[in-house]
Amino acid sequence: MTVTYSSQVANARLGSFSRLLLCWRGSIYKLLYGEFLIFLLCYYIIRFIYRMALTEEQQVIFEKLTLYCDSYIQLIPISFVLGFYVTLVVTRWWNQYENLPWPDRLMNLVSSFVEGKDEQGRMLRRTLMRYVNLGNVLILRSVSAAVYKRFPSPQHLVKAGFMTPSEHKHLQKLSLPHNSFWMPWVWFANLSTKAWIGGRIRDPILLQSLLNEMNTLRTQCGQLYAYDWISIPLVYTQVVTVAVYSFFLACLIGRQFLNPAKAYPGHEMDLVVPLFTFLQFLFYAGWLKVAEQLINPFGEDDDDFETNWIVDRSLQVSLLAVDEMHQDLPPMERDMYWNEPEPHPPYTAASAQSRRPSFFGSTFNISLDKEDMEFQPDLEEQEGAHSGIIGRFLGLQSHDRPSPRTNSKTKLLCPKKEVLSHENQPKNLGGAGQNTSDQEDSKAWKGEDVFKSVVLYARSGYHSAPQTPLSHTPMVFPPGQSAPSSLRRISGIDDPVKDQSLQPATPRSKKSFELLPENAGASTEHPEVTHMRRKTVEFNLMDMSEAPEHLREPHLGQSTSNIHTILKDHGDPYWDLEDRDEAHS
């Protein structure tokens with residue numbers, strides 16, 4: 001059994017080698033044998049003249065010429081020029097193959113969508129597919145010499161059955177000075193629409209699918225027509241041909257074996273057959289010939305497309321699919337793997353060696369120890385909140401004071417329920433710990449000119465969305481000036497309390513700025529100010545002592561971490577934008 005199998009494999013390999021030889025004899029040898037014999041003859045004639053006919057002085061001149069040609073022959077960029085040219089030709093050749101019109105997809109749609117087993121339905125389906133085959137034949141006879149020789153005139157198409165006499169008369173009546181391969185596709189579209197109107201095609205979506213597939217096949221025919229019309233520029237082909245033949249013309253002299261007695265470098269051996277030069281000729285010249293054959297694959301050579309076979313096959317298959325096979329289905333039966341969740345098709349003796357287990361991935365066979373497969377606890381959750389410069393960069397609080405879990409709206413717009421004391425001053429927010437620098441900073445909030453020129457949405461600390469974090473840079477006014485009138489409008493302060501300024505009233509670790517009367521006694525004249533509702537916006541900032549020097553605010557202390565800006569909410573348009581869902585108490 002083993003001997004029989006081995007002999008079968010050997011015979012198969014021998015058969016493939018014999019087929020390779022037949023292909024070699026039928027294509028490359030037939031293309032190159034004439035030019036190769038001419039090259040071989042010229043090489044040995046030059047060798048005979050060098051060894052037998054030249055004098056001693058003439059041999060020296062020839063040897064110098066040989067060394068010169070051999071040293072400068074590599075300056076001809078034959079590999080680059082020829083390789084780029086062949087790549088362009090092969091790409092063009094493959095694109096032409098991909099645009100060959102195959103009617104299989106369209107015949108499936110026609111057989112499925114166009115209903116009716118009567119004579120009218122059968123005639124409709126066969127006529128549609130005959131239009132498809134007629135369009136394919138018209139474009140192939142325009143680009144292929146083999147198909148044109150088979151159907152040289154429209155009368156031949158009528159006799160072959162691709163077109164009826166009435167259709168031929170209609171085609172002649174609409175004749176134009178252009179190629180008429182597109183007319184059957186127009187007939188196909190109109191007949192499909194007529195079938196939909198007559199109820200042979202149930203849904204317009206099915207009609208659209210049918211016309212889309214028809215347009216795809218029509219596009220392929222147009223691509224073939226364009227490839228036949230626009231070819232590779234002749235100048236490029238001439239440059240490549242001249243480069244190849246000039247290279248081997250220089251090889252006739254430069255690849256000669258010189259007299260080894262004269263000890264020329266690289267000529268220590270005196271061979272009769274330049275084997276590698278001949279192989280180089282076969283490769284480069286064969287490469288050029290292959291490119292010349294692939295420029296037009298619709299000829300009559302052995303390597304060209306079998307266009308006549310495509311015409312016959314398309315007509316036979318398409319008519320069979322839309323006529324005899326229309327709604328002719330075999331009965332449904334249970335398959336042999338009906339109750340098997342994992343079917344295993346059998347292997348023959350010749351294919352048993354190709355059976356392989358399923359592939360799960362390159363990491364499937366990695367083995368780990370038991371202790372390496374245990375999950376480790378999360379150290380960050382055990383340690384708690386972040387600390388250090390990373391925590392301050394993320395806006396997190398320290399371990400001493402954990403930040404509450406609030407959303408962005410609660411954090412930005414949390415109102416502080418504070419009341420004024422009997423002296424119309426806020427509760428002890430700063431106490432005695434407020435230093436003199438905090439008192440000096442309050443004088444900088446009296447400016448008005450800088451704040452007036454800034455529009456509402458461009459001011460520091462103003463945002464239209466509650467989720468957007470506010471700027472940490474405070475609003476600073478030049479000393480000696482009062483608060484801007486626009487701020488008074490935003491804060492909802494009435495005309496009786498116009499002369500107010502922002503004064504700091506927070507401890508060392510936090511700063512809050514509050515609209516207060518300039519005089520202590522001014523608040524007694526307006527007792528309704530104490531009953532107004534105020535809002536506080538809290539800023540969570542990193543320690544300003546660790547911030548860069550150019551980001552520090554000279555008007556604030558080094559230990560500032562939070563800024564509380566207390567604004568009064570009395571018809572405030574700013575807070576109406578920021579806190580739209582909060583009702584006034």
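Arginine 130 is buried (under 20% relative accessible area, against over 50% for exposed and in between for partly exposed, with a 1.4 Å probe and protein chains only), its relative accessibility being 16%. Its side chain meets that of glutamate 167 in a salt bridge with an N to O distance of 2.7 Å, where a salt bridge is a side-chain nitrogen of Lys or Arg within 4 Å of a carboxyl oxygen of Asp or Glu. Arginine 130 belongs to helix H6 and glutamate 167 to helix H9 (residues 165-173), so that distant parts of the chain, 37 residues apart, are linked; helices here are DSSP runs of H or I of at least four residues, numbered from the N terminus. Glutamate 167 is likewise buried, at 9%.

The model is predicted, with local features requiring pLDDT of at least 70 and side-chain atom pairs pLDDT 80 or more, whereas totals for chains, interfaces and linings use all residues. Residues are numbered from 1 along each chain as its sequence is written, and side-chain values use heavy atoms, without hydrogens and water.

In total, 15 salt bridges are counted. Among them, aspartate 323 pairs with arginine 126 at 2.7 Å between the closest N and O atoms; because aspartate 323 lies in the loop between helix H14 (307-322) and helix H15 (379-383) and arginine 126 in helix H6 (residues 119-143), the pair ties together parts 197 residues apart in sequence. Aspartate 323 is buried, at 11%, while arginine 126 is partly exposed, at 29%.

Glutamate 56 forms a further salt bridge with lysine 262, at 3.6 Å. Glutamate 56 is exposed, at 52%, and lysine 262 partly exposed, at 25%. Finally, Glu35, Lys289 and Glu292 are joined in a salt-bridge network.

Key:
Helix = DSSP H or I, 4+ residues; strand = E, 2+ residues; numbered from the N terminus.
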